[in-house]
Amino acid sequence: MKNIFKIILTVALIPISISCNDFVEVNKSPNDVSNISPNFLLSTTTINLAATYTDLAEMNGRVAPLLQYFQKNDGYQSDELNALIWLPNTRSIWQGAYANLVNVQAMSDLSVEEGNVFIEAVALVYRAVFMDLITKIYGDAPFSETNQLDEGIVFPKYDQQKDIYETLLIDLRTAKNMLEGISGSEVPVLDGYDLLYDGDKNKWIKFVNSLRIRMCLLLNNKKGELSVDIDAEFQDAAQNVFTSNDDNAVIYYLGTAGTNSFSDGPFNNSIISFSERMGQGYLDSLRKQNDPRMYRWLRPVERKWDREVSTETTIQYADPLGQTFPVELLPYPDGYDDLITDLYIGIPVGNDMSWTGFNAGPYANSDEPKFSPYLSRFADMYYQNANDYVNRKIITYSEVEFILAEAAAIGAFGVSDAETHYKNAIDASMDMWGIFDDYVGGFDFENFYSQESVDLNQATNKHERIMTQKWISMWLRPEPWFDWRRTGYPNFVPPYRADEPAIPIRFHYDTPNPPDPQYVDKYNEAVGRLEKSEFVKASSTDDHRSRMWLLQGTNNPY
Amino acid sequence: MHIIQLSLFLLVLNSAIFFSTISYSQSTNIEQSQQKTVTGMVTDVEGLPLIGVAVLEKGTTNGTITNLDGEFSLTIPEDSEILRFSYIGYQPQEVAIGSQSKINVTMLDAVVGLNEVVITALGISREKESLGYSVGTVSGEDLNETPQASVLNSMQGKVAGVQISQTYGVKGSSISMVIRGASSLNSDNQPLFVVDGVPIYNTVNNQFNQVDLGNAVSDLNPDDIESVSILKGPSAAALYGSRAGNGVVLITTTTGKNQKKGLGVSFNSALIADVPNEYFPIQNEFASGQQGAFAFEGDAYEFWGPKLDNGFIAQQRYEDSPGELISHENNINRQKEFYQTGLTQTNNLAISGNYDKANFRVSVGNFLNKGIMRNVDLKKNNIGINGNMKLNDKVDISIMTSLNESKSGNRPNNNDGFTTPTRAILTIGGQVDMSPYKNPETWWMPGQEGVVQRRWKDRWNNPYLMQELATTGYDRTQVMSKVQLNWEIFDDFSFTGSYLRSSLSQRVEAQKPYNTVDAAYGGYDLLNSGEREENWEGRFSYTKTLTDFDLLVNVGGNLRDNVKENIRNSTTNLVIPGYYNISNGGPGSVLYNNFWSQKKVNSLFGQASIGYKNSVYLDITARNDWSSTLPKDNRSYFYPSASLSVLLNEMFDMPEWISLAKVRAGYAQVGNDVDPYQLERYYNFGQDWGDTKRASLDLTAKNAQLKPEIATSKEIGAELSLFDNRFSLDATYYVVDNENQILNISTPITSGAYSKLINAGLVRGKGWEVSLNSSIIRQKDFTFDLGLNYTKNRTTIIELADGIEYFGTKQGAAYFYTYPGGEMGDIYQAPFEKVEDVNSEYYGHGIIYANGKTRTVTDPDKFEKIGNYNPDFMLGILPSMKYKNFRVFANFDWRSGGEFYSQTMMFAKNDGKLAGYHGGESYDMNGDIVQQIKDNPDKFIDKWVGGRDSEYGGFVWTDEGQREARSYVNASGEKVYVNDASFAVGVQPDGNGGYIENFGGPETIWLSPYHGNRSQDRLLAEANLYSATYVKLRELTITYDVPRTLINKMKLQRLSLSLIGQNLFVWRKSGIFIDPETAFYSENDGSGALQGGWEYYSVIPYTRSFGFKLGAEF
C-alpha cells in the first residue's frame, strides 16, 4: 500500500511541477503590449496636447467666458463660467495634463531606446508645452520629480515656477538643435503619424521657435530674475518662426466618432441647446470695426424686433460672406422699451443665473428662450462634428506676428517694425477664417485696416491696441488670458453680476488626494509661495486671485 | 412537492447517517451469541408508512432501515433490550424489546434542529455535531417555499451570518451575497459557489450599457436543489483554496438515488403576479423651471417653475399659441400608467429512476417572466441530468450535467442615467400632456418617423419609446459538468478522480434608435463573452475506526485553469436608421475590441479528522497553492486550518432534557492571489484617429513584487439542544483578519500613475451569528415553530500602508472613507466653512459668500462623521404553522440600524420634484425670522429658509427691481408677485474680521428657492442621510396538502396547492420611499461595483406578488 501511495503521489505531483513552468507565459497579457514604437505615442500625445490646450477656451472651458468671448446661457453652469465663481477641482486641467506627461515621458523613453532623435526632441517640446500650461495656470508645480514612482517618489515636490521656466527654455532650445541636427528635410516618423507636419523638418523647427518666442514674451516682465538670457533665446528663435498660415500647428477633427469630433457636434452633444452666446462686449468690438469675421462665427437672430414692420415678415438676409438666413421681423411690442433690435445680438457678461427670456419681450415666459431665437447663435459650424474652420489651434502664424508686433511696440528683444507685424497678424487671421475667399465682392483689407479703431498709428496706446486686436483675433483661444494677466490689456469691464469684482488670474491647485501628510506639506509649501492679492477673501492663499511668481511684483493685471 | 421532497430529503440524510454508522461497524466484531429476528412497521401519526426509518439495536452499530412499506426486519442478539428508531424530522424513539418479535411504532413529528448531516468541503458528508466550525444549511424544501427568480432570493433571511441584497427589486437583477461582512477591500466579497463539486463563475458586476444582466448563480434551477450548505469562514472552506476566503456555498442537486425504486415523476407549476403598489412621490403642483414660479422653462430638468392651474400663461412646445399651464390626469398618474403588473410562471418536471446498479434523474425547468415595465421579459430554461452507475463492487461512476439558459429580449434600464426610462418618467414636467408620448403613432415627428423623436424637451427621451426601441437583450448559457470516478482500492481506502467544468457564454446586444439623447445617430453594441473553468482533481480517502477513535484522512491535488474571453463590436453611427448591425456603422465609427485572459492554479491539499469516543473531534487541513498570477518568488503559498468540536453531553452526565451541548473552536487561514496580468504595466490602443493608431500607457502602476493575500479566521461557537430538540441554539463568534490585501491605492498623477497596486493593510471583521429554532406548540393537529437567524458584523481597518490615510470613495456629497482604526461603512461629509471662533456670537454658522451661498471645506481633516452604513444587526424570522392539512410559512427580514445616503432624494429635492419639498426649514411666518434664528440657532444652522411662494415660506423680494422681475401677468390679466425670496442661513464676512448676519434681515443675500437648496441641502450629505432600518415580509405561503387517503385513490403520491405572497409588507424607519436594501447592493469599495450605503436612482415602484403553486408527484 505504501508503494501505491508513493506512485500516486508522484503521479499527482508531475503535472503540478510541469505546469508551473509555463506560469510566466500564462501570465503575459495577450491584450496589451509592453514594448512598442514611440510613433504610436506620438499620435496620442499630439492629439491630447492640442486638446488639453484648446479645451481651456472652447465650449466647456473656463477661459472663454472669462475672456468674455461667450456666456453660458444655462443656469447651473453659469455661476462658475459667467460669474467666475471658481472652486477647486472643477474644470481643472491638472489631472489630464499630468496624465499626458506620463505618456510624453514614455514616448521619450521609447524614442531613446529606438534611437529616434526626432521623437525624442518632440517629447522635450511637448513636455515644455504641457509644463508651460500647467505652471502658468497654477504656479509652482511638480516637475523635476514627476514620473518617478518606480524610484519611490509618490509625492513629487512642487518646483518653483522660475526654475521650471529656466529648464523649459533650455529644453526648447535643445529640441530645436536636435531637430536641426537631423539630416535631410524629412524627420524619421511613420507615415501618417506626424499629425502636425507630416514629417516636414523645417516646419517642426519653426513650430519650436514660435513656442520659444511665446514663452520669452510671457517671461518678459520677470526677465531680471531669470538666469537664462531670454533676449538671446528670443533672438535665436525669431530667426526661423512661422511665416504663413501653412505653418500653423493645428489638429483637424475627423468627425467619424465622438473621440475625433468637436465637443458641440452631435456625436458629443446630441442635444443642441445653443447654450453659448457671444459676450455683448466682444460682439460690440467686432461690430465697431465692421469685422467680417463676425459673420464667420455668428448667425443673425432668427426673430428680430423691428420698429419698421407692423406684421410679422420673413426676410432673407444675406451677410457679407454670402450666407443667406431667413429672419422673421417682429413688430416691436408695446410696453417694452429696452429690446435690442440689431441683427446680431449677444448677451451681457457676468450673470450667474440663466439667461432665460433675455430680449424675448412678451415671449419671455415660453418654452423657447433656452434656444432663444431673439439672440444670435454661433454659426452652424460650431454644431458640426467636423469643420475645417473649427479645429484645435496650438499656435498660429497670426499669433506669432502679434508676438513680434508687441515685442516691437514695447521695445523688447530687439524687434522692430511693430506695424508690419501687427498688420500681418490681423491679415493672417482674416485669411485663416476664409475672409478673403468668401467676402462678397472681395475683401478690402487696407480699407478695413484704415479704420480708426484698427489702425495702429491712430492708437493712443499702441500696446493696448495690439493686445486688443490680438484678443479679437484669438477668438476661443486661451492665450489672451495670459496676455491680459501680463499686460492688463484689453481692459475688461468686470462681469456686472459676478460676485467678486476681479477676474481670476490662476486656477486653484487640485486638492491633495490622497491627503497624505507628505503630499499636503509639499502642497502647502507651494501655496506659501503664492501671494494674496487684495481680492482674496478666503483664508487660504490657494485662491484664483493669488499671484504666482510670474505675476508677483509686476503690478499686472491688478 | 413539499412532503415528498421533505421525506426524500430526510431519507437521504437518514440513510447517510445510517450507512455511515454501518460502515463503521464492519470493522468491529459482532459477538457471536444467540440471535432472534424482530419485524415491524413504522408509521406516522396519520398511520401512513414511513420509508427509510433507521432502526438500531441500542448501544451497537447493528441496524437497518424501513422499506417502502415502512416495514423492517432486524436480526438481533437474544439479550438485546432496546431498539432505537430515528428519522429526521421526527422525534427519535426507544422501544423496549422484551419478548416481542413484532414491534410497530408510530413516530411523532419532530422538532427542529435534530442531528444533521451536512455537506462539507469536497462534498464530504459529515455529522454537523462533529464539526468545529459553523455551517449554515437550507433545505431544498425551505428554498422552494415560494418560487423565486433566483436561489439567492430564496435564501434571504434563512441563514445567520449571511447578507443577501438585490438591486432595485426587479426580477432578474443581480443579487449580492456577503458572508460575515465585507472584509476584502478589493473584491465584491462574493462567496464561491460550488454545485455538486463544480465551482461556478459568479459576480455581481454583470453590467452592459447601464443594464444589469443578473448574476449567473441566479440561473440555477432552485427546484433541482436538494440542499445548500454555507461554509461561512475559511475554517470551513480551506479546502477550496484561494477563492474560499469569502465563504463557500455548496449546492447539492437532487439525484435519483434515494428516490423510490423504479421510475418516479414529479411536477409543479406556479403562477405569480407582481403588482406595483407604491411609487416615488413626485409633486404635480408646479411646472418645469429653475428660475422660480415667475418663469416657465420647459427645458429645465427642475420643477421649480410656475404653479399649475393657477392662471400662468406660457408658450409650450408644439402649441400654436401660449396657453395656461395646467395639470393633466395622464401626467399625475404617469408612473402608474407606465408600469404594469408583471407575471411569472414556473414549471418543473423531473423524472427519476432508481435501480440496483444505477440511478438517474432528469429534470426540465422553465421560468417565464413578464416585467413590470413594458417590453421587458426574462426566460429561463434548465435541464439537469445526473446519474450514477456501479461498474462493479469497487468502482462507480457519476456524471452530472446541468444546462441553464437565461435570456431576455430586453432587460430594464434602471440605471441612474438622465436618459433611462425609469428616470425619464420622473423628469417629465407636470404641465405636459402625456397622450402623444404614450401613443406609438405620435412618438416621431410627422414625416420623420424613426429619425426625429417628438420630445417634450430636448434633453429628454420619451420613456415609452425607449422602453420599446432602446433595448438591451441577452442570452446566457451556463453549462456545468462533472465526471467522477470512485474506486475503493482497499477497504477503508479509496480514490476519487473528477473532472469538473463550468462554462458561461453570454451574448448581449444593445440598440439605440436614432435621435436618442446621448446617441444622435443611434447605436448598436454587441458583446460576446465567455468564461470557462476546468478542474482536474484527484483525492485519496482513508477511514479507520478503532475502539475509541475514528479517523478520516483525505489527500489530493487539483489543477485549475480559468479562461475568460470577450469580443465587443460597437458603432455610434448607424447609416440606415433602425438597422441594427455592425456593418451598418458609419466609416470610422466602429470599435472592435477583444480580450482574453488565463489563469492557472495548482494545488495540493490534505485533511484529517480524528474523533474520540464520539465526543471530541479534531479536524486539520492544509493546502498549498501555486498561482500563475503572482510573481515567481511569491507564487507558492501554504495555509492550514484546525478545528475542534467537543460534545459536552457525551462527556459528562447531563440532565435528560439536554439533548446536545457542544462547544467548538476553529482557526484557519486562506491565501489568495490576484487577477491575471497585474505584475507589469502595458500599453493599450485607443480608438484610431483616421488611419493612425493611438497607443497610451496604462495609468495604473502594477507591481512585480505582489504577495498573496492572507485571511486568518478564528471562531468559537456553541450548540445547544434542549427538551428533545424543541429548542436549539447555535451561536458563533468570529474574528477574521485580512492581511496583505492587494489594493489599488490612489497616487497623485504627478507620480506617473493614478493608482498603484500594493499589498497593504489589516482589515478585521468580527461578528456574531446566532440561530435559534424552537418548537413552541406541538400537538397532533397543530404545530407552531419559530426560527430566528441573527447576524451582526463589524469590520474595522486596523492599518493601511504608509502614505494611505484612508480607504474609500466619494459619492455625491458623501465620503465613504474608512480611516485606520475606523469601521468600514463610516460615512463622512465635508462641512461648510464656518465661524470657528468659539467666542464669536456666530460660532458654528456657515460663511456666506457674495453669491449668497456657502462652501464646503476641502480639507479631509475637517470632515465630520455622520453615520455608518452597517446594520446593528439583521434578523431573519421564520415562523411556520401546521394545522391539519394546512401549513403556513412566513419569512420576515429585519435589518436594524445603519444609515444610507440617498442621492435620489438629493436630486429629487434639487429638482423640486419631491412631493412636499416646497421650501426650506420651517419657521413661524408671522414672527420675525431674524429673531427666530438667533433664538434657536441649532434649528437653523446649515439650513435654508424660504420657499416657492408665500404659502410655502417664501419672502417678498426686498429689491424693487427683483420684485418686479419676478412677477407675471396671469390669465385674468392680474399681476402676480412671486414671493419666493429665500436665503441660506449663515454670516457674511465683513472684510474686517467681523460678520454680517444673513438671517433674513436687511443685509441678507436673497436666493431663489432652487439656489437655496443648492446652497444647503444639496451640498450636505447629512441632509440626505436616512435610516436603513426596515422590516420586510418576504414570503408567506399557505399550503394545503391533499390527504394521502384521497390522493392514493387518484394514483398520485402527493398533491398540494399553495397560495403564495411575496413582499406583502415593508416597513421603513426612514419613512421615505427609497428601499434601503437597494443601497447595499454590493458592499465593496475597490472593484468598480457600487458603493455600500449609497443609493442612486432606484425608483422602481414597490411590488407585491401574489400567486399559487401546484405540486404533484406520481
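## Close-up views of a predicted two-chain model

View 1. Two or more residues of the chain A side that touches chain B come from each of α1 (2-21), α2 (23-26), α3 (39-55), α5 (75-81), α6 (94-114), β4 (249-252) and α19 (517-528) of chain A. Of these elements, α6(A) gives the most, with nine residues, and by class the chain A side that touches chain B has 50 nonpolar, 27 polar and twelve charged residues. In total, 89 residues of chain A are in contact with 94 residues of chain B, and the area buried between the chains is about 7800 Å², of which carbon and sulfur atoms give 62%. The count of salt bridges between chain A and chain B is two; one of them joins B:Lys600 to A:Asp22, with the closest N and O atoms 3.8 Å apart.

**View 2. Helix α8 of chain A and the elements that pack against it.** Chain A has 19 helices and eleven strands, and its C-alpha trace spans about 115 × 65 × 55 Å along the principal axes. Helix α8, residues 161-181 of chain A, has 21 residues and reaches 30 Å from its first C-alpha to its last, close to the 30 Å expected at 1.5 Å a residue. The buried residues of α8(A) include A:Ile164, A:Tyr165, A:Leu168, A:Leu169, A:Leu172 and A:Leu179, and also A:Glu166, A:Asp171 and A:Lys176. The buried residues of this helix pack against α7 (117-138), β2 (141-142), β3 (158-159), α9 (201-219) and α10 (230-238) of chain A.

**View 3. The surroundings of A:Leu283.** A:Leu283 lies in helix α11 (residues 280-288) of chain A, and counts as buried because its relative accessible area, 0%, is under 20%. Leaving aside residues up to four places away in sequence, A:Leu283 touches A:Met278, A:Met294, A:Leu298, A:Tyr344, A:Ile345 and A:Gly346. For the whole of chain A, buried residues make up 62% of the 558 residues, and residues 24 or more positions apart account for 71% of the contacts with a separation of 6 or more.

**View 4. A buried salt bridge between two strands of chain B.** The side chains of B:Glu719 and B:Lys662 meet in a salt bridge at 3.1 Å, N to O. This pair links distant parts of the chain, with B:Glu719 in strand β37 (residues 709-722) and B:Lys662 in strand β33 (residues 658-672) of chain B, 57 residues apart. Both B:Glu719 and B:Lys662 are buried, and they belong to a network of salt bridges that also links B:Arg180, B:Lys232, B:Arg664, B:Glu715, B:Asp730 and B:Glu769.

**View 5. Salt bridges of chain B with partly exposed residues.** B:Glu964 forms a salt bridge with B:Lys975, the closest N and O atoms being 2.5 Å apart. Because B:Glu964 lies in helix α14 (residues 960-965) and B:Lys975 in strand β50 (residues 975-977) of chain B, the pair ties together parts that are eleven residues apart in sequence. B:Glu964 is partly exposed, with a relative accessible area of 31%, as is B:Lys975, at 44%. In another salt bridge, B:Asp377 pairs with B:Lys379, with 3.5 Å between the closest N and O atoms, and B:Lys379 counts as partly exposed at 35% relative accessibility. Over all chains, the salt bridges come to 87.

Methods: Residues are numbered from 1 along each chain as its sequence is written. Chains are lettered from A and ligands numbered from 1 in the order in which they are written. This is a predicted model: local features need pLDDT of at least 70, side-chain atom pairs count only at pLDDT 80 or more; totals for chains, interfaces and linings use all residues. Side-chain values use heavy atoms; hydrogens and water are left out. Contact means heavy atoms within 4.5 Å. Buried area is the accessible area (1.4 Å probe) that two parts lose on being put together, summed over both. A salt bridge is a side-chain nitrogen of Lys or Arg within 4 Å of a carboxyl oxygen of Asp or Glu. Helices (H or I, at least four residues) and strands (E, at least two) are DSSP runs, numbered from the N terminus. Ala, Val, Leu, Ile, Met, Phe, Trp, Tyr, Cys and Pro count as nonpolar, Asp, Glu, Lys and Arg as charged, and the others, Gly among them, as polar. The expected span of a helix is 1.5 Å times one less than its number of residues. Buried means under 20% relative accessible area, exposed over 50%, partly exposed in between (1.4 Å probe, protein chains only).
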